[in-house]
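Please examine the sequence and the structure shown below.

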Amino acid sequence: MAQANFRADVPVTVDEAKCIDGCTLCVDMCPLDSLAIHPETKKAYMHVDECWYCGPCAARCPVDAVTVNIPYLLR
Amino acid sequence: MEIPHVADRRHLECDVLVVGGGTAGTMAALTAARHGASVLIMEKAHVRHSGALAMGMDGVNNAVVPGKATPEDYVADITIANDGIINQRTIYQTATRGFEMVQRLESYGVKFEKDEHDEYAVRKVHRSGSYVLPMPEGKEVKKVLYRELRSRGVRAKVQMTNRVMPVRVLTENGRAVGAVGFDTRSGEFVTVAAGAVILAAGACGRLGLPASGYLYGTYENPTNAGDGYAMAYHAGAELSGIECFQINPLIKDYNGPACAYVANPFGGYTVNGEGNRFVDCDYWSGQMMAEVKREIDSSRGPIYLKLSHLPDATISEIEGILHTTERPTRGTFHAGRGTDYRERDIEMHISEIGLCSGHSSSGVWVDEHARTTVAGLYAAGDMACVPHNYMIGAFVYGDIAGEDAAAYAKGAARPELPEDQIAAAHELIYKPASNPDGPPQPQVEYKLRRFVNDYLQPPKTERHLSLGLEAFERMRTDIDQMGARTPHELMRCAEVTFIRDCAEMAARASMTRTESRWGLYHSRDDWPLQDDENWFCHLNLSKDSSSGEMRFDRRPVAPYIVPVPGFVRPDGVPDAAAPRAGELAAAWR
Ligand SMILES: Cc1cc2nc3c(=O)[nH]c(=O)nc-3n(C[C@H](O)[C@H](O)[C@H](O)COP(=O)(O)OP(=O)(O)OC[C@H]3O[C@@H](n4cnc5c(N)ncnc54)[C@H](O)[C@@H]3O)c2cc1C
Ligand code: SF4
Ligand code: SF4
């Protein structure tokens, strides 16, 4: 199948300077499993554009590194 | 990704398997464990923040608190809201056991609003009775339940597997004996043998496409893709009222509740574009939704939730609820649009269609013991047909299912699991991984759900519904070709199959009921009148065991056990006596 890569604005951002190495809390809690730890930076990031803008990721982050924005199409 | 061989699997065993660790599922597990069963909760998310209560809830919509309302009032109210088509015995359970559930939740640490005399501060939103009980600290409810599941005593009896998603219930001789699924992170294949299975997988929230076009911008928690409906159907269970869709009035674009239940008691209400009220009762029903749609579509549209007339302090109080619990990003949304409740009223719209008995009445057919028509298979919560059951109903039915399933599992034989069904589920799960370059799930799902909008959104007609059916048949081919590269993508692909199954059920059920009923939920432009002579009955669907086709059966409405003032049963069936004490399963003690 012919394919193209798709660039998407994702709603959840992580302040890498704050994000603690070894922590996985937001990744563990996201109902949609949309967050992951980046293999290189070792920081949390949104790996798929799947989000209910519900907030457990931000609510559980011990250092307030997570910001939940409203998904672009709804904003 | 590598596809595991069908024999290469993690095998688990338990007395009671609970599929979905949301509202109903956590309560089912707690009660089953209390009754001595070993319990396994399989949750595709993480139990701590999964389901509708991921961030808590701002109130109980349907508590019958002694001294404030009677079970009889509630049963009558819900009977009328459902145009009389209801098994009152199921509703009666929610009515009579809801208060003990409130007290049980309180004993776990959930707080409910009390007035200055320390009485429950229930409010009136329904047509006649007062059943809405605010939860000022409602954001903690799932935390409290999770803590209870991890508490000493319970912990040893309840296993939880997070990120593991069953896709099929296994049956042997017409009895539920387990389930089969996979780990959505590692891709591992998983089978479970169980004495009884409780499905508590929530609504079918990813049926219609929200107007925004964002697949996950649904009213319901989008993890609830109709998994439970599809699993029950393929296990041979009956489903009922599927044609009675769920449609809600929501904040436009944000697509979450505003919500009149919160704002009403403070003096907020719904108005049209001319600033006039147009509904006399803000209780969500098919009738109300028909009025909402009419108003939006008219020159008086759009509609708004009006708060701007309220004093600043009151608005701050409302914000304190709406912006911290249930859907706490409401505040972020309004800030982004520059909407302040003090200056501008909130534009409202109607949601995409879904299936949900928590709000409407589409679900798996259950009796007052949460039993489905398949032995050893239970359903509770939004996916079980107990109309307008909401959160307290999900808790009550989780409790009932947990107790009954624990007793059932005790005496149940543990046969070998059926390998043919396991192989079929393996194929369903991993097929997209064998075709990694096939169309990706987001495109396939978008197309499928756009067809749902095009052809199933009320008002419905035979012509539209048949075009929808054709589209859903065509989508089988798209789904066959769909490609996935990771276990996460496999999860989304399996969900697309559930959505397709639900779309087909919704189209066929809507075609079969040749009348209009339940306001907007089943409004048929080609059959505009309610036809009590032919259709005062439940419409149940199931998978025919010999042909494998979808079949429909009419079930008569059981005699009422509670008289409904002002409502004459069109079939003339006389009322029966209310259940005697002890006749229904005992409530939690
Ligand atoms: C935004 C919103 C606001 C609401 N507000 C109120 C209110 O104020 N008052 C009120 O009384 N009611 C309210 N309700 C309704 C109430 O929350 C629901 O009726 C109730 O929580 C449903 O419980 P449930 O257990 O059926 O579903 P959920 O609590 O959603 O649980 C379903 C669980 O199943 C899991 N699951 C799904 N599929 C699978 C699978 N294949 N394998 C494993 N796990 C799976 C999901 O991840 C989820 O955890 C609201 C609902 C929503 C969505
Ligand atoms: S807002 Fe919800 S769905 Fe989105 S990333 Fe956070 S936890 Fe996940
Ligand atoms: S919870 Fe916060 S600190 Fe932990 S991984 Fe996520 S962003 Fe990093």
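Predicted model: local features only at pLDDT ≥ 70, side-chain atom pairs only at ≥ 80, totals over all residues.

Author: Residues are numbered from 1 along each chain as its sequence is written, chains are lettered from A and ligands numbered from 1 in the order in which they are written, and side-chain values use heavy atoms, with hydrogens and water left out.

Reader: How many charged residues has the shell around ligand 2?
Author: The shell has 14 residues, with Cys30(A), Cys51(A), Cys54(A), Gly55(A) and Cys57(A) as the closest; a residue belongs to it if one of its heavy atoms lies within 4 Å. Ala, Val, Leu, Ile, Met, Phe, Trp, Tyr, Cys and Pro count as nonpolar, Asp, Glu, Lys and Arg as charged, and the others, Gly among them, as polar. By these classes the shell around ligand 2 has 13 nonpolar residues and one polar residue, and the number of charged residues is none.

Reader: How many nonpolar residues does the shell around ligand 3 have?
Author: Residues around ligand 3 include Cys19(A), Cys23(A), Cys26(A) and Cys61(A), along with Pro62(A) and Val66(A). No polar and no charged residue is present in this shell, and the nonpolar residues number 12.

Reader: Which strands stand at the edges of the open sheet in chain B?
Author: The sheet has three strands in antiparallel pairing, in the order β3-β5-β4 (chain B); strands are DSSP runs of E of at least two residues, numbered from the N terminus, and two strands pair if DSSP finds at least two bridges between them. β3(B) and β5(B) (residues 130-134) pair over two bridges, and Gly59(B) has Pro134(B) as its bridge partner. One side of each edge strand lacks a neighbour in the sheet because each has a single partner strand; these are β3 (59-60) and β4 (123-124) of chain B.

Reader: What area is buried between chain A and chain B?
Author: Contact (heavy atoms within 4.5 Å) joins 28 residues of chain A to 39 residues of chain B. Buried area is the accessible area (1.4 Å probe) that two parts lose on being put together, summed over both. Carbon and sulfur atoms give 57% of the total, which is about 2,800 Å².

Reader: How many salt bridges are counted between chain A and chain B?
Author: A salt bridge places a side-chain nitrogen of Lys or Arg within 4 Å of a carboxyl oxygen of Asp or Glu. Glu50(A) and Arg492(B) form one through their side chains (2.7 Å, N to O). Between chain A and chain B the count is three.

Conventions
Helix = DSSP H or I, 4+ residues; strand = E, 2+ residues; numbered from the N terminus.
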